[in-house]
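Please look over the sequence and the 3D structure below. The notes that follow go through them topic by topic.

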Amino acid sequence: MAKTLGPVKRKFAPWTDPNAVPFIRFENITKRYGDFTAVSNLNLDIYEREFFSLLGPSGCGKTTLMRMLAGFEEPTEGRILLQGHDISGVPPHRRPTNMMFQSYALFPHMSVEKNIAFGLEQDNLSKGEIAARVQEMLKLVKLEDFAKRKPGQLSGGQRQRVALARSLAKRPKVLLLDEPLGALDRKLREETQFELMDIQHTLGLTFLIVTHDQEEAMTVSDRIAVMDKGVIVQVDTPAEIYEAPNSRYVADFIGDINIMEGGIVSKSAEPGQAPVVTLDCDGLPVTVEQECAATTGDRVAFAIRPEKVRITLDQPENTASNAAYGEVWDIGYLGDFSVFLVSLADGRIIRAAQANVSRLVDRPITFGDMVWLTWPKDAGLVLTR
Amino acid sequence: MAEISTSPHAGPARWLVVAVPYVWLLLFFVAPFLIILKISLSDTAIAMPPYTPLLDGFGGIGDFLSQLDFENYAFLTEDPLYIQSYLSSLRMAFISTVLLLLIGYPMALAMARAPTRWRPTLVMMVILPFWTSFLIRVYAWIGILKPEGLLTVLLQAIGLMGPEEQVQIYRTDTAVFIGIVYSYLPFMVLPLYAALEKMDGTLLEAANDLGCPPLKAFWRITFPLSLPGVIAGAMICFIPITGEFVIPDLLGGAETLMIGKTLWTEFFGNRDWPLASAVAVLLLLVLVVPIMIFQNQQQKVG
């Protein structure tokens, strides 16, 4: 039987609409613990029905930010607005947010259905209403047969589903997910990511997810905020974060990338043509089609993703710019891709990825081969930060 | 499939390890209990030891067995003193256990919620009284509670009591309760603390997050999850308090009726060893139910 798809996902981008009212607004939020500043003067708008990710390494303040929204921590400075109302000082049990905990935090002495019903019981709903909603939630996470079990009798994946069902049961305005899939194995995690997206879309809720897994954030999110040391470095869609990172930090954190330091030789902006920046990356001439705020002589970085670098044994026609010659130093065979680590004459390593489109065990390019690396003008980008 | 040895050290050494606790129990529990059981079936006599029959050689074993009977047990049901003593002991033990729970639970909870670096110190403070002899600590309470004792002095000094008045607690049931609650508090606090300390704090956050205010979350999450500790603490206190002798003897008055005291009187006062033994055997039977509850709970936890 074919899987029934939910409503068709239309392009969703309220953040581009200047008249859109943010659903959640973090306003000049600072959180200090003694001398340590976990979150520093942070501003962020999240829109209704958005699937929003806070992405960063551990200790970057992402969990603290989420816990402030849930009410477990109060900001030292600034305020949090939910639908325009300041929710500072509102205790967690009166906030219209629900959280799915990293450890799941299921009540070990209660059955699956009791766990799911717990939040509903606090709202003084009738027994019938609670039972109906619990059934609906069990169906949503496909755990109808496990209603009477205790959490201790479930597998990790099942517990994760109970935790999700429990946090969704009250239909929170915002669902907070703290590293929700961290404890699952890879296959299950990928499946669950798509299920999460389906559920979010079907129920039309706002999801805020905290994760250190960039793939997870890329897969599920409408927008991602990349955090570092208590500040947001970049907020954008997954594609923009990946293709147009605004700094060395974001470029390096998301995916694989070659970064080469260099200086701007010239800039040209002829009318009717794309602006072009010419760089000298320590002897390697590079031209990039890009608007760039930096001026001639500034030190910048040239960044290019490995899959955008072409690797050939034959010398290309034009080697004046955007071309490098080197020796294959190492090869990483990933199945779908092979990553070649090419060592230039000065010792710099450039990574080039090639899709393995044909079934060959022995690739034409192998260790020790001298190869040419080339890339078009619009493949890389200049990073000024 | 080939037989797999369950232990790499199966052999004499393993049996020795298993045997030690059994030998211990046999020597210091089963054997004394059988002696008491035998004495309880004997008759009192003015002799040394003060009961008959005595077994001399196996020749007269038939004669020996024919002299044993249950008349001491029958007597226990005839004189209301004994039944009242048992009931009074159970009542005292029950009230004490409830008081211990009411005082011990908040203490254990506060300890479990204290910052991690303070906890070893707090546990240490609970255990600290054990460094002084139990008997001396109970005697100290006499010094505090007696009419001209420290409590009277204190209350007079702060003006809550006139110079002619004196506290009348010593040699009452109240003094016994104070003594018992004071002496047994560590036994209640420690199992409760053990149960509460290992509880995952995010469970309460989850309850709050789902709309449950803190006080309600205590009753729905914290308390049910601490029940193994509550049962362990209650039984560890209830069982020995029922047979408690020293505290009612030192702090209690003439009207304080507890089975331990009755037993002592039978044994040393009336020199009726057989009847005292019957009292002891029956006390053990009375406590079988709470002991089984405790055992059952321990197995579930383990």
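Leaving out residues up to four places away in sequence, B:Ala232 touches B:Pro191, B:Phe294, B:Gln297 and B:Gln298. Two residues touch, or are in contact, if their C-beta atoms, placed from the backbone, lie within 7 Å. This is a predicted model, in which local features need pLDDT of at least 70 and side-chain atom pairs count only at pLDDT 80 or more, while totals for chains, interfaces and linings use all residues. Residues are numbered from 1 along each chain as its sequence is written, and chains are lettered from A and ligands numbered from 1 in the order in which they are written.

- B:Ala232 is part of helix α10 of chain B. Helices (H or I, at least four residues) and strands (E, at least two) are DSSP runs, numbered from the N terminus.
- B:Ala232 counts as buried because it has 21 C-beta neighbours inside 10 Å. The cut-offs are 20 or more other C-beta atoms within 10 Å of its own for a buried residue and 12 or fewer for an exposed one, with partly exposed in between; the C-beta atoms are placed from the backbone.
- Between B:Ala232 and B:Arg220 there are 20 Å in space, C-alpha to C-alpha, and the two are twelve residues apart in sequence.

**Annotated spans of chain B**

- An unreviewed UniProt entry carries the annotation "domain: ABC transmembrane type-1" for residues 86–294 of chain B. UniProt positions are given in the numbering used here, feature names are shortened, and annotations may be inferred rather than shown by experiment.
- Residues 86–294 of chain B are 75% helix and 0% strand, with end C-alpha atoms 20 Å apart.
- The unreviewed UniProt entry also gives "transmembrane region" for several spans of chain B, including 90–110 and 175–196.
- Residues 90–110 of chain B are 100% helix and 0% strand, and their end C-alpha atoms are 30 Å apart.
- Residues 175–196 of chain B are also 100% helix and 0% strand, with 31 Å between the end C-alpha atoms.

**Where the two chains touch**

- Chain B puts 14 residues into the contact, and chain A puts in 16 residues.
- On the side of chain B that touches chain A, α9 (202–209) and α10 (214–242) each supply at least two residues.
- The most comes from α9(B), with six residues.
- This side of chain B has eight nonpolar, three polar and three charged residues. Here Ala, Val, Leu, Ile, Met, Phe, Trp, Tyr, Cys and Pro count as nonpolar, Asp, Glu, Lys and Arg as charged, and the others, Gly among them, as polar.

**Chain A as a whole**

- Chain A has eight helices and 20 strands.
- Its C-alpha atoms fill a box of roughly 75 × 50 × 45 Å, taken along the principal axes.
- Of the 385 residues in chain A, 36% are buried.
- Chain A is divided into domain 1 (14–96 + 172–249) and domain 2 (257–383). These bounds come from an automatic or database domain assignment.
- The centres of domain 1 and domain 2 of chain A, taken over C-alpha atoms, are 34 Å apart.

**Nonpolar cores**

- The largest nonpolar core has 96 residues, and A:Leu69, A:Ile116, A:Ala165, A:Leu176, A:Leu208 and A:Val226 touch the most other members. Such a core is a set of buried Ala, Val, Leu, Ile, Met, Phe, Trp, Tyr and Cys residues joined through C-beta atoms within 7 Å.
- Domain 1 and domain 2 of chain A each give at least three residues to this core.
- Another core, of 51 residues, lies apart from it and includes B:Ala93, B:Met111, B:Ile247 and B:Ala276.

**Strands of chain A**

- Four strands form an open sheet in the order β2-β1-β4-β5 (chain A), with antiparallel pairing. Two strands pair if DSSP finds at least two bridges between them.
- The edge strands, β2 (36–46) and β5 (85–86) of chain A, each pair on one side only.
- Strand β1 (residues 24–33) of chain A pairs with β2(A) over seven bridges in the antiparallel sense, and A:Ile24 has A:Ile46 as its bridge partner in β2(A).

**Two asparagines with positive phi**

- A:Asn124 has a positive phi of about 55° although it is not a glycine. A:Asn124 is exposed, because 8 other C-beta atoms lie within 10 Å.
- A:Asn322 also has a positive phi, near 55°. A:Asn322 counts as buried, because it has 23 C-beta neighbours inside 10 Å.
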